[in-house]
Amino acid sequence: MIVGDLEWLTHRWPGGTIRNEAEVYSGYYTEAASVLQPIYAWTMTKTPDHGLARSADQLRADARQNHARLIAAATEAFGEKGADAPLEDIARRAGVGIGTLYRHFPSRLDLQAAVFRTQVGAVCTEGEALAGTSPAETAFAAWIRTLAKYLVTKRGLSRALIDAVGAESELISSCWMAMRETTERLLENAQRAGVVRPDVTASDVMRLVHGVVVSTEKEPGRADLLLSVMLDGLATQRSGGRFS
């Protein structure tokens, strides 16, 4: 149920244990460098005429590209088939072998966490872009709809991660805080512009969005209308009592 999927959004949780994808990524390169160091030392003594292995820098560049392709492929597969999408399918979509996938992401949980963090980062970047390029009223309304859409599309992945690591984990709490901080910035801009009532907090806004997403699980076509009603309820008299 979507209520369970999104329940973590209504609270702030400290602490956590799961390592993030940056740590996995860093560990991967540390291990790779130590294993391949003798090979690199040997190849540096040879001439190009011997068709020798590429430099360590090139190997790392290839690994970074594989890492990005795997996250993109997993994002697509999880969206289509759910959080339990076959890892072999993800590797195939990324154009790499299953061994390469496991070198980057030793477990399904590591891959799910990397996708989750990447997608939260992407949606928050979109919010920051709105804050920097659009009028406060327009940016706030656009962010509300962007956030609602994100929560709907990622509910299966978030549920899987909450079940695996807990709502109080570092993974969930840090992603929650990132979305809350983006909401807070856009809300404060709108409040300073006098278009949103001043007594509302970012947590209030996220609870309202959560409520719309939950209540329209079986009627998704009603979500945009309810978001509009919500926005009009947050508008001040100065803005005419409704968002344009």
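**Reading a helical model**

Tutor: Alanine 202 counts as buried because its relative accessibility is 3%; buried means under 20% relative accessible area, exposed over 50%, and partly exposed in between (1.4 Å probe, protein chains only). This is a predicted model, in which local features need pLDDT of at least 70 and side-chain atom pairs count only at pLDDT 80 or more, while totals for chains, interfaces and linings use all residues. Residues are numbered from 1 along each chain as its sequence is written, and side-chain values use heavy atoms, with hydrogens and water left out.

Student: Which residues does alanine 202 touch, not counting those up to four places away in sequence?

Tutor: A contact means heavy atoms within 4.5 Å. By that rule alanine 202 touches Arg180, Thr183, Glu184 and Leu187. Its C-alpha atom is 7.8 Å from that of glutamate 181, which is 21 residues apart from it along the chain.

Student: In which helix is the place of alanine 202?

Tutor: Helices are DSSP runs (H or I, at least four residues), as strands are (E, at least two), and both are numbered from the N terminus. Alanine 202 belongs to helix α10, residues 202-215. The protein has 11 helices and 0 strands.

Student: How many of the 244 residues are buried, as a percentage?

Tutor: Buried residues make up 43% of them. In helix α4 (residues 87-94), the buried residues include Leu87, Asp89, Ile90, Ala91 and Ala94. Just after α4, glycine 95 has a positive phi of about 75 degrees.

Student: What share of the contacts with a separation of 6 or more is between residues 24 or more positions apart?

Tutor: Such pairs account for 71% of those contacts in the protein.

Student: How do helix α6 and helix α7 cross?

Tutor: Axes are lines fitted to C-alpha atoms, for helices over the stretch in contact, and angles run from 0 to 180 degrees between N-to-C directions. The axes of α6 (residues 108-133) and α7 (residues 136-153) come within 9 Å and cross at roughly 165 degrees. Angles under 35 degrees count as roughly parallel, over 145 as roughly antiparallel, 65 to 115 as roughly perpendicular and the rest as oblique. The two helices, α6 and α7, are therefore roughly antiparallel to each other.

Student: Which residues of α6 and α7 meet?

Tutor: From α6, Phe116, Gln119, Val120, Val123, Cys124, Glu126, Gly127, Leu130 and Ala131 meet Ala139, Ala142, Trp143, Thr146 and Tyr150 of α7.
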